[in-house]
Amino acid sequence: MSAQCEVTGKRAAQVPMSFFERFLSVWVGLCIVVGIGLGQWLPAVFKTVGAMEIAKVNLPVGLLIWVMVIPMLLKIDFSAMSQIRGHLRGIGVTLFINWLVKPFSMALLGYVFIRVLFAPLLPADQLDSYIGGLILLAAAPCTAMVFVWSRLTGGDPYFTLSQVAMNDLIMVFAFAPLVAFLLGVSSITVPWDTLVTSVVLYIVVPVVIAQGLRKLLLARGQTTFDTVMDKLQPLSIAALLATIVLLFAFQGDAIIRQPLVILLLAVPILIQVLFTSSLAYWLNRQLGEKHSVACPSALIGASNFFELAVAAAISIFGFESGAALATVVGVLIEVPVMLLVVKVVNASKPWYEAGLRK
């Protein structure tokens, strides 16, 4: 294990959930109200903001996404991938859930709930867009926030680092083809140029910038790195909340007309989170992995890299699309649902470990 990987692992194990992170759903809810209000009050301003784009990429949102994503990617230590061989079963479960179960199960749930069960209650011209947003959300596994969830369950910090690093690397190559395939299966036209542009802008470029900046900061010492990270984290959350205000300023009319939309979109997301986390947790137990490995393995499969999902939804479907709304609903329910999963895996530790002793 490299010295830096060890330092990063220990740091990840001690990361507390900040005030803003703990009440993220509250801030998101307030931003939804503010966004809808501003959109009704100043529609011309937001139309101007929406028109500021190049090659279907909205410049203000693109900047906000970078401010969101880069601080999170700074936390990723790709040298932690050397630890993968120590937890092959846990890593195998993580990759199986994240790339073979989660996106496909969400596509199925999207079809069942959006096209069939809830179709009469939703605008017919947005059904494809809603499903597209759900797929984008499911195809982007969590990055930085999983460190917080892992710490709350006593998860192995080195395993958490290694699985996050592995997922980020896979996401660079697999996100676009997987999303394109699932959108095609769902009979949604795939704008390949926009999809690839989104991957480059919101994954590849931020990863390169973050890793370059990470090396420069660590060259000046761990204290410098930690100080900069502490300053950047509030900016990341502020950028997320500003993006949500913009989104709901554009979505205001649709939500006012059909206020149940958010609740209906939350149903398949909630079911999928509970299904994937339970399956990952059970599979790790069946394979004999430690509880400290099973917890972060289950948690990363249940949570999402919603910053990427939001950015891709805006680029592919547009500001006022159902896809953008669906990805933001994922943000809205992320924290309370993940805290529920944390509580369940902590409470079930005796059951889990009893199964390992058989």
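Me: Which residues does Ser277 touch, not counting residues up to four places away in sequence?

Reply: In this predicted model, Ser277 touches Ala298, Ala302 and Val341. Ser277 itself is found in helix 12, residues 261-287.

Me: Why does Ser277 count as buried?

Reply: Buried means under 20% relative accessible area. Ser277 has 6% relative accessibility, so Ser277 counts as buried.

Me: What lies 3.3 Å from a polar atom of the side chain of Ser277?

Reply: The backbone oxygen of Leu274 lies 3.3 Å from that side-chain atom of Ser277.

Me: What makes His291 buried?

Reply: The cut-off for buried is under 20% relative accessible area. His291 has 4% relative accessibility, so His291 counts as buried. His291 is found in helix 13, residues 291-302.

Me: Which residues does His291 touch, not counting residues up to four places away in sequence?

Reply: His291 touches Tyr281, Val345, Lys349, Tyr352 and Glu353. With Tyr281 there is also a polar contact, side chain to side chain, at 3.1 Å. The limit for a polar contact is within 3.5 Å between N or O atoms. From C-alpha to C-alpha, His291 and Ser348 are 9.8 Å apart in space and 57 residues apart in sequence.

Me: How do you know that helix 14 is roughly antiparallel to helix 15?

Reply: The axes of helix 14 (residues 306-317) and helix 15 (residues 322-347) cross at roughly 165° and come within 8 Å. Angles over 145 degrees count as roughly antiparallel, and that makes helix 14 roughly antiparallel to helix 15. The crossing of these helices is left-handed.

Me: Which residues of helix 14 meet which residues of helix 15?

Reply: From helix 14 come Phe306, Ala309, Val310, Ala313, Ile314 and Phe317, and from helix 15 come Ala323, Ala324, Thr327, Val328, Val331 and Glu334. By class, the contact of helix 14 with helix 15 has 10 nonpolar, 1 polar and 1 charged residues.

Me: Why is helix 7 called roughly antiparallel to helix 9?

Reply: The axes of helix 7 (residues 127-138) and helix 9 (residues 157-185) cross at roughly 150° and come within 10 Å. The threshold for roughly antiparallel is over 145 degrees, and helix 7 and helix 9 are therefore roughly antiparallel to each other. The crossing of helix 7 and helix 9 is right-handed. Helix 7 makes the contact with Gly132, Ile135 and Leu136, and helix 9 with Phe175, Val179, Leu182 and Leu183.

Me: How many residues of the contact of helix 7 with helix 9 are nonpolar, polar and charged?

Reply: The residues of that contact divide into 6 nonpolar, 1 polar and no charged. Gly counts as polar, and Gly132 of helix 7 is among the contact residues.

Me: What is the secondary structure of the chain, and what share of the residues is buried?

Reply: The chain has 16 helices and 2 strands. Of the 358 residues in the chain, 58% are buried. Among contacts with a separation of 6 or more, 86% are between residues 24 or more positions apart.

Notes
Residues are numbered from 1 along each chain as its sequence is written. This is a predicted model: local features need pLDDT of at least 70, side-chain atom pairs count only at pLDDT 80 or more; totals for chains, interfaces and linings use all residues. Side-chain values use heavy atoms; hydrogens and water are left out. Axes are lines fitted to C-alpha atoms, for helices over the stretch in contact, and angles run from 0 to 180 degrees between N-to-C directions. Helices (H or I, at least four residues) and strands (E, at least two) are DSSP runs, numbered from the N terminus. Angles under 35 degrees count as roughly parallel, over 145 as roughly antiparallel, 65 to 115 as roughly perpendicular and the rest as oblique. A crossing is left-handed if the near helix is turned anticlockwise from the far one by less than a right angle, and right-handed if clockwise. Contact means heavy atoms within 4.5 Å. Buried means under 20% relative accessible area, exposed over 50%, partly exposed in between (1.4 Å probe, protein chains only). A polar contact is a pair of N or O atoms within 3.5 Å; within protein, one must be able to donate a hydrogen and the other to accept it, and residues adjacent in sequence count only if both atoms are side-chain atoms.
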